[in-house]
Protein chains: 2
Amino acid sequence: MFFPVQAGRASEDVALQIEAAIMDGRLSPGERLPSEREMQSQFGTGRGVIRETIKILKQKGLLEVKKGAKGGAYIRRLDVNNISESLALFLKQHPVEPEKLIEFRETLDRTMTQLAIAHADQTEKESLLKEAIRLEEMLRENEPDFIASSELDRQLNIMLARMARNPLFEWVMHAIQMGFNSHDYALYEDTAYRERAAANWKNTAQAIAQGELMRALGFIGYHYVLLRQCIAEKASLTNETDADFLQKDEQ
Amino acid sequence: MFFPVQAGRASEDVALQIEAAIMDGRLSPGERLPSEREMQSQFGTGRGVIRETIKILKQKGLLEVKKGAKGGAYIRRLDVNNISESLALFLKQHPVEPEKLIEFRETLDRTMTQLAIAHADQTEKESLLKEAIRLEEMLRENEPDFIASSELDRQLNIMLARMARNPLFEWVMHAIQMGFNSHDYALYEDTAYRERAAANWKNTAQAIAQGELMRALGFIGYHYVLLRQCIAEKASLTNETDADFLQKDEQ
DNA sequence: TCTTGCATTTGGTCCTACCATTGTAGGCAT
DNA sequence: ATGCCTACAATGGTAGGACCAAATGCAAGA
């Protein structure tokens, strides 16, 4: 039941030591690690081990590496993107039925709306409304930019999440949006959908600004009704894609 | 406005190529990559670059490396733990007020309860109830095992998530529980809390098994009332810890 | 004072040799 | 023929050295 103390994991070992030092606060964001050649002698290993260590920690998002004099490995503050990337990678291997995603997002949206009305200040609420109006206008143009508008849609979601004054909602929304970026562009190509969705965003923002919770929730509900309709239409049009998706989902 | 085509990122480059091959399905879980020395010549680089590449992909959870003959880098199917680990790491650097965590979990719990009643089969519902009863019994012992019981509490949560038939809830719950493991043990040390919490779990499971949504939601609500009380008590007892926490949260 | 250019620091790459682990094939003994 | 053991080969793990490339700073020169 004993296991070898070090079964070829020198780089993992060093990585753990450095990670621990960062988490303990012995190393703070912005600080620099010694140069590779220095650590090489400090840890008593070859330089290769140190380099592999650095790659690991860099991949974890804990380090940022710069070349040249005054270069080296700098401690980096983690940000949400690391989680988002992990999630996105995971989702590529584990496709989720659109309905499941909608179910999840609707839950979050309803709560965030509630929290936003309670906690956000008036400035933010009006800013949300302003952006929603901007989205509506953007789509009224002759040749709407789908990428820009679905980007703005994302922005609105993030704003709402931030207004909820609960970072967890913000982080999860962020990660979810990054993970599912591919599907969303397509929706904004549907003329009928995008205009009603934008109008609905405006209504939602208005209700939030006026503090009318139930009305806001009603609009949120309508938003997801629209989404479900739009997806159902797309699915019935292209059976092939649907079959593909189901197949992928099976494995 | 031009940027150098390869600013010292050979290993990242190779990693991207392999990652793409995995995502395209050109490489499937279980398959083996060529040996380091072979790839070295295939990619036209030194062996160090290949090794760094492998470390990166291993850290991402895409590879598993074995030594010896028939060893090498094997493609691995991603699992939720990678996300959980990213989140846990992130949360260590970004502490969250307990109230915010409760707010978030309560939202998920309420929806999951609703979905579980609608989608789970009777077998599962009874199994949930059985485990809840087991938790209650476990705490009635003379010397309850805090770690085991808070582990069982986690299990109950995961079961509920699975019963919702929506993998997103399952994954997020999993990640959240991994990320916040440290706080939760402590709660189960409070005698008054843990017994009422367990009894409440039983009631909740019972209501779910009987398909009584509103009653179940009522119990869920009570669960979080208990949690909030428990945390408030702890906070008022140890002002020092609380001050520490706020300080950490500021930075 | 500004520019140029050299020197230094530091990561990026290649190479080569050797060690450690593991699976297997072949030989040896029963 | 069977079963055990050993030697070998494949493969990742480590060490150390040499050189390249980029970034910075300083010094010399215009």
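**Exercise 1.** How many salt bridges are counted between chain A and chain B?

*Solution.* Start with the source: this is a predicted model, in which local features need pLDDT of at least 70 and side-chain atom pairs count only at pLDDT 80 or more, while totals for chains, interfaces and linings use all residues. Residues are numbered from 1 along each chain as its sequence is written, chains are lettered from A and ligands numbered from 1 in the order in which they are written, and side-chain values use heavy atoms, with hydrogens and water left out.

Next, apply the rule: a salt bridge is a side-chain nitrogen of Lys or Arg within 4 Å of a carboxyl oxygen of Asp or Glu. The count between chain A and chain B is six. As an example, take K55(B) and E12(A), whose side chains form a salt bridge with an N to O distance of 3.4 Å.

**Exercise 2.** Describe the interface of chain A and chain B by its area and its residues.

*Solution.* Step one is the area. The size of an interface is often given as the accessible area lost when the parts come together. Here the two chains bury about 4400 Å² between them (accessible area, 1.4 Å probe, lost on being put together and summed over both parts). Carbon and sulfur atoms carry 66% of that area.

Step two is the residues. In contact (heavy atoms within 4.5 Å) are 50 residues of chain A and 49 residues of chain B.

**Exercise 3.** Find where helix α1 of chain A meets helix α4 of chain B.

*Solution.* Helices here are DSSP runs (H or I, at least four residues), numbered from the N terminus. The axes of α1(A), residues 10-24, and α4(B), residues 80-93, come within 9 Å and cross at roughly 40 degrees (lines fitted to C-alpha atoms over the stretch in contact, with angles from 0 to 180 degrees between N-to-C directions). From α1(A), the contact uses E19(A), I22(A) and M23(A); from α4(B), L89(B), K92(B) and Q93(B).

**Exercise 4.** Which residues are closest to DNA strand C?

*Solution.* Count a residue as near if one of its heavy atoms lies within 4 Å of the strand. Of the 24 residues that surround DNA strand C, the closest are R47(A), R51(A), A69(A), A10(B) and G46(B).

Then look at single atoms. A polar backbone atom of A69(A) is 2.9 Å from a base oxygen of DNA strand C.

Technical notes
Helix = DSSP H or I, 4+ residues; strand = E, 2+ residues; numbered from the N terminus. Polar contact = N/O pair within 3.5 Å; in protein donor to acceptor, adjacent residues only side chain to side chain.
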